[in-house]
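Here's a walk through a protein model, one topic at a time. Keep the structure open beside you and find each spot as it comes up.

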Amino acid sequence: MRKYMVGFLALVLTLGTLPLAATADEARVPLSLEGAVTNYLEIEQRDQGQWELRTTGGDPFIEIPLPELAAAAQTPVLAFEYFSPQGVVGMEIRLAADKGWTPPIDIEGLRPAEGWSEAGLPLSVEGNRFWEEGKPRRLRIDFGIVEGVNLRVRQLALRPRSAEELRSEEEQAQERLQKQQHADQIAAYLEADFPGSISAVAVEATTIRIHGQCPERGQSPEGETRVALAELPWHADAVRPGPRHVVVRLGEENCDAEGRFEIELPREEAGRDRLGSRWQIVAATEVAEIFEPLSHACYATDLSRLGAPELPPPPRLENAKGLGGVSPVFGLEELNELGVRHITVNIVLSKLLSEFPSPGEEARDAAGGSGETFIHNGRTWRVNSRQLAHADRSIAFATEHGITVALILLLPTRDADILLHPEANRAGVYAMPNLDDPQAADKYEAVLALLAERYSGRPTASGGQRSVGRVDHWIIHNEVDYGWTWTNMGKQPLEVFLGTYVRSMRMTYLQARRFNPHAKVFISLTHRWNVPRDEQWKTYPPREMLRRLAQFTAAEGDFGWGIAYHPYPESLWDSRTWEDTQIQDDFDTPLITMKNIQVLDRFVKLPENRDAEGRVRPVLLSEQGYHTEEGYSEQTQREQAAALLYTWDRLRSIDTVLAYDYHRWVDAAGEGGLLLGLRKLGSRGKPAGGKKLGWEVYRAIGTSEEAKWRERLEEVYTFKPLFDGSSLSGWNGDPAWFRVEEQAIVAGSLEKPIPHNVFLCTDESFEDFELRLEVKLVGPGENAGVQFRTERIAGSHEVSGYQADMGSAGGRPVWGSLYDESRRRKMLVEADPEVVRDILRKDDWNRLRIRCEGPRIQIWLNDRQTVDYREADEAIARRGVIALQIHGGPPAEASYRNIRLKEL
């Protein structure tokens, strides 16, 4: 479970209201900190009203109460002075009243400040309904996701918004309106029934052929306009009227009687490859050169004659065992030891190419550095070969050993590069590329071309050198539905965000297909399948994103894309994904985890989600893992290992998944306390720590050893617990003789005799089942047992039914025997006493296993079968409760723990 740092940070407030007509100074309500519950946040009071805060984990926040405010003082500002050389990135504020928390209010963060600086955080909620007079309210402040940030604050207060802040809010509202209008235009464009169409764009080695249908003559614009075929570069907007590069006028000279046309153009123009261009029929005004779309803008759809050399297809994959975030620092030979057939490799795109070397780079080149260059569209770039070194080694090793590679394209927000989208901010870990600026788009295409050629698995075109290795799968950025954190583009409506993202997908696909006819690109999504739309435009529902992506594909031409899904458990801190509750077995499910992964399988098989030829689009489960708690206890490792077996149980019924890439190989200290790796945390000089139980199980999956581990671990997820480890909930019996100690049910007493047989029964009854538990018996009484298919006898302390016996009777051991309690009052099967003596752990824990299936009853003691009985009397009930017994007589204690049952 998540560990919380609990301190005492409370807000002692000078209570009052903010009057409407007061001056700024008069209206300030001072706040002073003194104690409350915090999460991953330490706080210390210093002199002169200062407080020092320090983040200690990946989710630091604080909750504090607020004073009552007059309705007239809606949306006040939390004001303070702060000192923080690091600054705070990605802050959020939430407010709570009677009906719960508001959605998070985004704060850009606090800029680095090496002296005291003023800050004003508006507590603004849409509609301002939060600040109704008289409602209780709380404030939660989230301090980003970075551990080790230090912040000093003083002069905390609530105050009204200033005139400048009001103007800024009006400007933001206007900008939001414009973005929403753009989103509406995109939606209308995708759903439009244009009078013209581009049916196919075939790219060959030296030419491009565009096939289409002109608007009917009766629909063609008249007067000073003309119908034309226009070319759109990467940075152009196909949705809104605006400038286009007209390549040819369409008319009777190139359209047949039905309006069909085929235009052949050179693939290269002025040294630029037109592979990535879109083609659109437009109405062109002669004078103003302003164009109205008459068709969707279509990308290249036919690459079959592109001119790339032959390349064999990658190995066939179906539910291949994979590993995510592979790095050579952990020893690549281990991939073969684990039996991995698919990997993901992260690649940082920023600073890969530069136009001119820095002075330091010139010195290194002169001293024997690589000095590697790359030419694209006639432009020469300097390559940062050192940045590629780890990816080179991982991909080369994988290619040599027949392992398929997926490359994950990342743009860290911390890097200063023209490639980053101009609205991306450091609240996100990674950014969307800038495809609206011609220079940035050109550089981005060059970076993609470099990677596509370098990892093509064939001789390179630029110098005849061998490629480093082969990449067949390209994962475009990271978890784009959670874009604010993992692919930041600022706050954008879904359609605007996805419009840029689809261009990035297309760009990557076309460059990859120049060298590899089997290359596919993938959209990266979290498990948050059908969450509500975020009104702040920071996150998006994956289901809706895929629907819009399919619309983009239908409108602008099909291409080879698939889904890279991340079906983590509903809580990343709990590996028992089989206990997930926020799931459904339909397309309206809030989450898709491994428990309901079949929903994604059915979704991709829907006709509307298939490609243009009716094929199911491929799925990669490219990131998911199971947490082991700090300390790596045996129980938490068993649960992680069992989750891996459970995963393969689910995958083997699905045929759309290419690979399952487990995240992580080795635990990482920078994941906010999550310990997802197959290996433990490393140490100085030793990047990879010891192997967890999960490592052994993952290695065994798909081999003859899997059955051994399944026998040991499948009970973790196939058996439900009958005892919660802390209470007698779900059981009924005399509490004088049953208690819970150290996660075990203890029956009886060692201090006094037991007056008669006593039973603790389950509230629920069972018919066919397998029951597993651990039992221990101590004391001179030395007799107990586990009842099953049993019922209480009215008016008596006794029960009637079968019993798996424990202890001794008449001086002989009866452990593992089958007795008929109260009904026939006889031993039905007596275990072999010699076997019992060999396997029994006297006065210690013993494993007991009971299986009832129809008339057959079997019992095992410490994994040795002691009973195999078939009930001949069909009148005897086959349903009843489970009961734990302590036998009447001399003092004795029977303990029962890890009680779990699977219904058959």
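Let's begin with an open sheet of 4 strands, which run in the order 18-15-14-23 with mixed pairing. Strand 18 (260–266) and strand 23 (302–305) are at the edges. Each of these two has a single partner strand, so one side of each is left without a neighbour in the sheet. Going from one strand to the next, the twist averages 20°. Keep in mind that this is a predicted model.

What holds strands together in general? Strands of a sheet pair through backbone hydrogen bonds, either parallel or antiparallel. Here, strand 15 (residues 207–213) pairs with strand 18 in the antiparallel sense, over 7 bridges. To find the pairing on screen, look for Thr207, which stands opposite Pro266 in strand 18.

## A hairpin and its neighbour

Now move along to strand 27 (residues 373–376), which pairs with strand 28 in the antiparallel sense over 4 bridges. Ile375 stands opposite Thr380 in strand 28. These two strands form a hairpin with 2 residues between them, and Asn377 in the turn has a positive phi of about 50°.

Strand 28 (residues 379–383) also pairs with strand 26 (residues 353–354), again antiparallel, over 2 bridges. In that pairing, Leu353 has Val383 as its bridge partner.

## Two nonpolar cores

In soluble globular proteins, nonpolar side chains tend to be buried together. The largest nonpolar core in this model has 143 residues. Those with the most contacts inside it are Leu335, Leu407, Leu409, Leu451 and Trp474. Helix 8 (residues 494–513) gives the largest share of this core, with 11 residues. There's also a second, separate core of 47 residues, which includes Phe723, Leu848, Cys852 and Ile886.

Which residues does Trp474 contact, leaving aside its neighbours within four places in sequence? Among them are Leu407, Leu409, Leu451, Thr508, Lys520 and Phe522.

## Buried spots and cysteines

Thr485 lies in helix 7 (residues 483–486). Is Thr485 buried or exposed? Its relative accessible area is 15%, and buried means under 20%, so Thr485 is buried. Not counting residues up to four places away in sequence, Thr485 touches Ala427, Gly428, Val429 and Tyr430.

How many disulfides does the structure hold? The count is 0. Cys255 counts as buried at 10% relative accessibility, and Cys298 is buried too, with a relative accessible area of 3%.

The peptide bond from His663 to Arg664 is cis, with omega near 25°. You'll find Arg664 in the loop between strand 34 (657–662) and helix 12 (693–700).

Gln743 isn't a glycine, yet its phi is positive, near 60°. Gln743 sits in the loop between strand 37 (738–741) and strand 38 (744–749), and it is exposed, with a relative accessible area of 59%. Arg825 isn't a glycine either, and has a positive phi of about 50°. Arg825 lies in the loop between strand 44 (818–821) and strand 45 (826–829), and counts as exposed at 64% relative accessibility.

## How confident is the prediction?

The protein chain averages a pLDDT of 87, and 89% of the residues score at least 70. Over residues 1–24, though, pLDDT stays under 50. Residues 461–465 are also below 50. Where pLDDT is low, the predicted coordinates should not be read in detail.

How values were computed:
Residues numbered from 1 in each chain as written. Predicted model: local features only at pLDDT ≥ 70, side-chain atom pairs only at ≥ 80, totals over all residues. Heavy atoms only, no water. Core = buried A, V, L, I, M, F, W, Y, C linked by side-chain atoms within 4.5 Å. Buried < 20%, exposed > 50% of the residue type's maximum accessible area, 1.4 Å probe, protein only. Contact = heavy atoms within 4.5 Å. Pairing = 2+ DSSP bridges. Axes fitted to C-alpha atoms, helices over the stretch in contact; angles between N-to-C directions. Disulfide = S-S within 2.5 Å. pLDDT = per-residue confidence, 0-100.
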